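Please read them alongside the coordinates.

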Amino acid sequence: LCDSGSYHGWLFAYDPATLAQTSIFLPTPNGIGSGLWMSGAAPAAETVNGATRMFIATGNGSYSATTPYATNTMNYGDDVLRLDLSNGIQVADAFTPWNQAALEPVDADVGSCGPMLLPDQPGNHPHLLIQPSKGGVLYLIDRDNMGGYSTSANNVVQELDNLAGAWYGLPAHWNGNVYLWPQELPLQQFSLTNGLLSQPPVAVSTYQQRAGHGATPSISASGNTNGIVWSVDPSQSPEVLY
């Protein structure tokens, strides 16, 4: 809590039948930090060609990762990681912002939100992941080729970096639209066309949170009709469902 002490992020794996522990992943084996908090969002997972892979985002922490990635010796601070689960937990690919060294000391977590996997998209990058961040930057990442790390540029499909507010929680997707509610701002709707997000948002709510850390919206609908966005405003006391 509050980046206190020499803390670490941890990911534990268990056998669902016996509850026996099968694996542990530590993103900073030779450092500190890299909490796996994601504002309470769960890891995202999918199965591709019979193999399961998981995506997580890490918070501020030590960074020393280079390709080829090593799970037990490298530090992954402010990263979006793709984990291979076929033999324990192994780092298979990663994205790290070019300015990770500047983000870490000012508490601008990449991992303040959980990664969201989008349905298949047209174009050269059919398998996309959305990763909002505490610094107000929204990254659209290719799940098959996440971009790694460069000190000069971010190798991502799209980057929306002129957005105000910090992002917490988890986005919602419905019918070609992505919904996010950033800190102390209105709920925002981005359209998704040919694998790219609209910039700026196509719509914002008339209501704006007074304080707090944003929220995680969810959608109810009848297929592609009658969509309703639901979200709790935690800045009010008592909290209010809209």
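1. A nonpolar core is here a set of buried Ala, Val, Leu, Ile, Met, Phe, Trp, Tyr and Cys residues joined through side-chain atoms within 4.5 Å. Buried means under 20% relative accessible area, exposed over 50%, and partly exposed in between (1.4 Å probe, protein chains only). The largest such core has 15 residues, and L118, I130, L138, V178, F190 and L197 touch the most other members. Two or more residues each come from β8 (128-132), β9 (138-142), β12 (177-180) and β13 (186-193); strands (E, at least two residues) and helices (H or I, at least four) are DSSP runs, numbered from the N terminus.

2. The model is predicted: local features need pLDDT of at least 70, side-chain atom pairs count only at pLDDT 80 or more, and totals for chains, interfaces and linings use all residues. Residues are numbered from 1 along each chain as its sequence is written, and side-chain values use heavy atoms, with hydrogens and water left out.

3. What is V178 in contact with, leaving aside its neighbours within four places in sequence? The partners are M116, L118, I130, P171, A172, H173, Q188, Q189, F190 and L197, where contact means heavy atoms within 4.5 Å. Apart from this core lies another, of 14 residues, including L11, F25, I89 and A94.

4. P182 sits in the loop between β12 and β13. P182 is buried, at a relative accessible area of 0%.

5. The structure holds eight aromatic pairs. Rings of Phe, Tyr and Trp (its six-membered ring) pair if their centres lie within 6.5 Å; planes under 30 degrees apart count as stacked, over 60 as edge-to-face and the rest as tilted. Y69 and Y76 form a tilted pair because their planes stand at 55 degrees, with ring centres 6.2 Å apart. Y69 is buried at 18% relative accessible area, and Y76 is buried at 0%.

6. F95 and Y139 are also tilted, since their planes meet at 55 degrees, and their ring centres are 5.1 Å apart. This pair links distant parts of the chain, 44 residues apart: F95 is in strand β6 (residues 90-95) and Y139 in strand β9. Both are buried: F95 has a relative accessible area of 0%, and Y139 has 3%. Elsewhere, W181, Y207 and Y242 form one aromatic cluster.

7. F12, found in strand β1 (residues 11-14), counts as partly exposed because its relative accessibility is 39%.
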